[in-house]
Amino acid sequence: MDPQTVYTLSGVSRRYGELAALDNVDLTIHMGEWLSVVGPSGSGKTTLMNILGCMDLPTSGTVLLGQERLDRQGERELAIIRRQRIGLIFQKFHLIKHLTALENIMVAQYYHSIPDEVEARAALDRVGLGERAGHLPRQLSGGEQQRVCVARALINSPSVVLADEPTGNLDEANERIVLDLFRQLHDEGTTLIVVTHDAAVAAQGQRQIILNHGRIARVVETEDYARAFGMSEIGEPR
Amino acid sequence: MPRVRMYLRMITRAFARRISRVLVASLSIIVGATTLSALAIITYTVPEQIARELRSYGANLVVSPAGTQTVRVEDMETINATLAEAGVQLVGYAPYRQDNLLYNQQPLPAMATDFALATVLRPYWSIDGQLPSVAGEVLVGRDLAQRYGFKVGDTISVVAQAEQGVDSEPARLTISGILRTGGTEDAMVLLALADLESLLPSGGRLDMIEYSLLGDEATLESVASTIDREDESVHAQVVKRITRSESGVLLTLRALIWIVSIVIGALTMISVTTTMNAVVSERATELALKKTLGASNGQLVGEFIGEGVILGLFGGLLGAVGGIAVAGLVTQEVFNLNLQASWWVVPVTMTAAALVSGLGTFVTVRRIVGINPAIVLGGE
Ligand SMILES: Nc1ncnc2c1ncn2[C@@H]1O[C@H](COP(=O)(O)OP(=O)(O)OP(=O)(O)O)[C@@H](O)[C@H]1O
Ligand SMILES: [Mg+2]
């Protein structure tokens, strides 16, 4: 078995003046992996997500997405990579207020390729919101809004889904629904990277990395991870 | 769904579902468009109407009853004789009598005259149809025609109210033409003196005789006092004609109004750019989110310009309607003219406003490019 890698980070740092939000991080993320990123507030989780999500560049080190050097791309190229390969989910939902649930999903299709209402409806059905297609975000509960965001993130079948505290604002019931959706995505082979404060959510991942002061302080690998990608320390898969 | 349709859907939703914000944002456009369209109407329509009225003042001497006396048709003969004696050349003259008739219980202002004479003094009368040529034919003013839906060829039934409150037998009048003057005649029915006399006998009473005479002011003044002396029952008054140089003032005014318009246009533009910049800040998260979805700066700017154009069309429409109302009021109060509806300003104003607003949106480009989704969406 020779699992492919999605991301390869070597010596990645992101500095804000004196402060190193990320400090010399080496990390390999496998295709189809479910990775949890945990750590105290200010440890650099969001900074890492921004770099993986092509929204920010490291101040030093290299980031490969597949074979592509992200740190060498311009803004335009990064936008293209985002639209074609990455789905993003945020803690604060970020739906467009004046568009309905359905339209919010179609916006993602619009920037990706061509809006397809039937497909967008199917995505809403999948997150259990088929009936709410015509509702505006403010007419939806927090959990429902987050489910719309999940539908939006997966509408273009991205190879990677990045979620920054996706369940941070949800009650248990909605957290379960979102995690179920993640499990489905994982089963379908999507690479999932989930930042969380919640130990139970983190435990859903095949592997957890614990950040502290911008460094990877600890890595927890499950048996499932070992089976899928082989026993390895931080670094190259065997 | 074609991408163009999704584009239109996004920008129209942003407009329709944020209508209260949109109203605030388009306030400056509405105000600017109102002012500009009102000025445009006044500048281009009023002078035209005034010019028409200028020609109207063919009369330079007006004879009316002195005090409580009555002027009669016979007096006209006397005055004409006096004028001939004084040796002034008569270009034209026309007698007028005014009264109210009743149409469907509504008062109908009527003016009786001799059409052949009156049209010489009032060459600006514009008639759709024919001048009355036989007894019982009348002209109706444009405003009256509009109010009651009169058309050329219609027959209307009117009655005259006699002194004791006993109405006359209804008389049938045939409309031979609709009169457009931009003046008070627009609200009247005009008929021959003889017709009014048979409806409402008055013994040949007149309310005014207009004269157009050749001669300088001094000559006219002396003629006027001669008439006053010769006939106790009348009062003659010299009226000043509006001269060419006075209409030159209108042209200067037109130029001035153009300058004011440019200043207002510039102010509107500044205000639009400020508003648009504020809107970008207000919607920074939305823009950042679209960037994370892969939107390019060009696409986002394109959406904003689209919204700007819609905003302009909307503000322009409201502004044009407001401008027509304001211009109507101003011309009524200041120039005492009945403004002819100037619907041409609606498309002109909407186009201009869409242009100003669309162009004004270009200033947002820098701000849109400057939005960093990592910072905007990450920041608490
Ligand atoms: N734009 C920025 N400018 C300056 N410092 C920043 C900026 N963004 C993040 N930082 C700093 O970098 C460090 C890491 O921030 P980051 O947002 O990655 O933390 P986090 O692990 O996501 O924390 P939290 O759990 O609170 O979301 C923090 O000390 C933060 O103050
Ligand atoms: Mg964070």
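Reply: Ligand 1 is surrounded by A:Tyr16, A:Leu19, A:Ala21, A:Pro40, A:Ser41, A:Gly42, A:Ser43, A:Gly44, A:Lys45, A:Thr46, A:Thr47 and A:His197, where a residue is near a molecule if one of its heavy atoms lies within 4 Å of it. This is a predicted model, in which local features need pLDDT of at least 70 and side-chain atom pairs count only at pLDDT 80 or more, while totals for chains, interfaces and linings use all residues. Residues are numbered from 1 along each chain as its sequence is written, chains are lettered from A and ligands numbered from 1 in the order written, and side-chain values use heavy atoms, without hydrogens and water.

The shell around ligand 1 divides into four nonpolar residues, seven polar and one charged; Gly counts as polar, Tyr as nonpolar and Lys as charged. Helix H1 of chain A gives the most, with three residues. Strand S2 (19–30) also supplies at least two. Helices (H or I, at least four residues) and strands (E, at least two) are DSSP runs, numbered from the N terminus.

Several side chains make polar contacts (pairs of N or O atoms within 3.5 Å). A:Thr47 has a side-chain N or O atom 2.5 Å from an oxygen atom of ligand 1. For A:Thr46, a polar side-chain atom is 2.7 Å from a ligand oxygen. A:Tyr16 places a polar side-chain atom 3.4 Å from a ligand nitrogen.

As for H1(A) itself, residues 45–52, seven of its eight residues are buried, meaning under 20% relative accessible area with a 1.4 Å probe, protein chains only. Among them are A:Lys45 and A:Thr47.

Conventions. Buried means under 20% relative accessible area, exposed over 50%, partly exposed in between (1.4 Å probe, protein chains only). A polar contact is a pair of N or O atoms within 3.5 Å; within protein, one must be able to donate a hydrogen and the other to accept it, and residues adjacent in sequence count only if both atoms are side-chain atoms.
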